[in-house]
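Dear colleague,

I am handing over a structure below, followed by notes on what was found in it. Please read the notes with the coordinates open beside you.

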Amino acid sequence: MHHIAIIGSGPAGYYTAEAAQKHWGDDVRIDIFDALPVPYGLIRTGVAPDHQSIKGVSRRYEKTALTENVRFVGNVTIGESVSVAELQELYDAVVLATGAPNDRPLEMEGADLANVIGSAAFVGWYNGHPKFADLDPDLSGKHAVVIGMGNVALDVARILAKSKCEFDGSDIVTHALEMLCASNIETITILGRRGPHQIMMTPKELGELMHLERASPRVDPADLPDEEEDAFLEPGLRKSVSHLRSFAAIPESVHADTPIDIEFDMFASPVRLTGDGKVAAIEIERTKVETGRAIGTGETYTIPADLVVSCIGYRSSPIPGVPFDERAGRFANDEGRILPGLYCVGWARRGPSGTIGTNRPDGYSLVDLMIEDHSARTSNKKGREGFDALAQERGLDVVTFRDWKKIEEAEEAAAREGAPREKFVDIGAMIAARS
Ligand code: NAP
């Protein structure tokens with residue numbers, strides 16, 4: 001029997017389990033650990049609540065989860081209640097699929113002012129992550145600034161702009177919905193330190209900004225390069241840039257009909273945040289792009305900023321005893337190999353890039369590496385029996401997949417009309433719902 005422990009029950013974890021199961025069939029036992037009592041990681045707490053079709057992929061993970069050879073072991077934090085070294089004693093392979101749950105820090109003066117929030121916290125707040133449920137952002141001001149030109153910046157801007165009924169059918173948590181409905185925000189500035197040809201936003205997500213009920217996107221036509229230059233872009237980026245061109249062509253009459261402006265401020269690098277205890281303004285330096293890099297021009301200007309959400313990327317959490325690449329913010333690894341028998345996959349391996357689907361080939365390639373390294377030999381490791389004995393000895397309150405199904409049932413029963421679920425945002429409440 002081949003024993004595998006996967007730490008993290010998000011997309012990278014489940015795709016790896018699926019691949020291992022496909023390869024080893026009945027000869028494998030896989031335990032998928034999660035610090036939360038609920039599975040699916042980023043699908044539950046990262047993917048935007050109004051993107052339910054993307055969240056639907058969890059049904060595929062459930063198929064894997066419900067097979068005999070795969071177990072969900074929730075409410076267990078590896079690195080705290082059980083060490084990675086202990087898991088390595090028990091399992092043939094240990095795979096870190098822990099994602100990148102921490103914000104890359106915004107390193108500038110004023111970053112510690114109140115209402116300057118990282119995207120992990122802000123997204124976690126509207127998605128009901130227990131760690132961020134009490135974030136309580138102040139949405140009483142008129143100007144929000146979103147730093148970054150990636151899809152997370154788009155998610156945040158869109159969520160800030162939507163009206164109540166545009167959340168129908170979403171699983172945004174009620175505490176966030178109520179605060180967003182009472183928000184006074186009129187201008188959302190998306191700041192990009194480079195230009196239209198360097199945005200990381202994808203076409204489908206950008207296109208959504210054209211269909212908002214009470215907001216419209218603005219792009220300064222002067223920021224757009226000559227249209228012929230778009231021909232050299234790869235097709236996805238070309239399409240994204242064509243969206244920016246359509247935003248630049250939106251007539252003032254349309255903007256006049258929508259009370260919220262989503263302004264793209266490109267060639268704009270944030271310099272410092274100011275305010276008396278709470279953020280009030282952001283100083284920006286105009287840039288120019290040379291050979292793909294943003295170069296400051298020395299010209300600065302200041303815009304109001306009552307709320308700042310920095311969406312500039314994420315870092316993995318180090319785990320005691322596991323080599324970590326501080327500069328890259330992920331585990332030190334060679335294509336997924338960390339140490340003999342210890343691997344990483346997904347964002348924990350490659351950093352925060354790609355879509356949910358990118359984790360599928362990642363999980364399958366990792367299993368190929370595991371086959372290459374130690375194949376499906378019969379081992380003497382104790383696997384799940386060994387873990388169960390350890391859990392009992394330590395008094396760990398393990399949440400099983402069956403427990404999760406009860407939690408899920410309770411969340412579905414508590415849903416607002418038309419919503420798929422109302423998530424528990426408190427770990428105690430999640431655990432209580434299983435009985
Ligand atoms: P991202 O795509 O890497 O974008 C990060 C942005 O932050 C870039 O525009 C970057 O600019 C900017 N940035 C970084 N450091 C900065 C600084 N110090 N000052 C100003 N700007 C800075 O990251 P992300 O938006 O966090 O997304 C993470 C991954 O999740 C991406 O692969 C994304 O596509 C994916 N995602 C997908 C979806 C979806 O498919 N619907 C939704 C959300 C996220 P530079 O380029 O100049 O460095």
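Two strands are said to pair if DSSP finds at least two bridges between them, and the elements themselves are DSSP runs numbered from the N terminus, with helices being H or I of at least four residues and strands being E of at least two. In that sense strand β1 (residues 2-7) and strand β2 (residues 28-34) pair in parallel over 6 bridges, and I4 stands opposite I30 in β2. Strand β2 is mostly covered, since 6 of its 7 residues are buried, where buried means under 20% relative accessible area, exposed over 50% and partly exposed in between, with a 1.4 Å probe and protein chains only.

Please note that this is a predicted model, in which local features need pLDDT of at least 70 and side-chain atom pairs count only at pLDDT 80 or more, while totals for chains, interfaces and linings use all residues. Residues are numbered from 1 along each chain as its sequence is written, and side-chain values use heavy atoms, with hydrogens and water left out.

The structure holds 13 aromatic pairs (rings of Phe, Tyr and Trp, the last by its six-membered ring, with centres within 6.5 Å; planes under 30 degrees apart count as stacked, over 60 as edge-to-face and the rest as tilted). One of them joins Y15 and Y61, which is edge-to-face because the ring centres are 5.1 Å apart and the planes stand at 90°. This pair links distant parts of the chain, with Y15 in helix α1 (residues 11-24) and Y61 in helix α4, 46 residues apart. Y15 counts as buried at 4% relative accessibility, and Y61 is buried at 0%. Another pair, Y314 and W347, is stacked, at 5.8 Å centre to centre and 25° between the planes; here strand β15 (residues 314-315) is linked to helix α12 (residues 347-350) across 33 residues, and both partners are buried. Y15 and Y61 also belong to one aromatic cluster with Y14, Y40 and W404.

The second largest pocket is lined by 16 residues, of which Y40, K55, S58, E408 and R421 lie nearest its centre (a pocket is an open set of points on a 1 Å grid over the protein atoms alone, where a 1.4 Å probe fits, with protein on both sides within 12 Å along at least five of seven lines; lining residues have an atom within 4 Å of a point). Helices α2 (42-45), α3 (52-55), α4 (58-65) and α15 (401-413) each supply at least two residues of this lining.

Best regards
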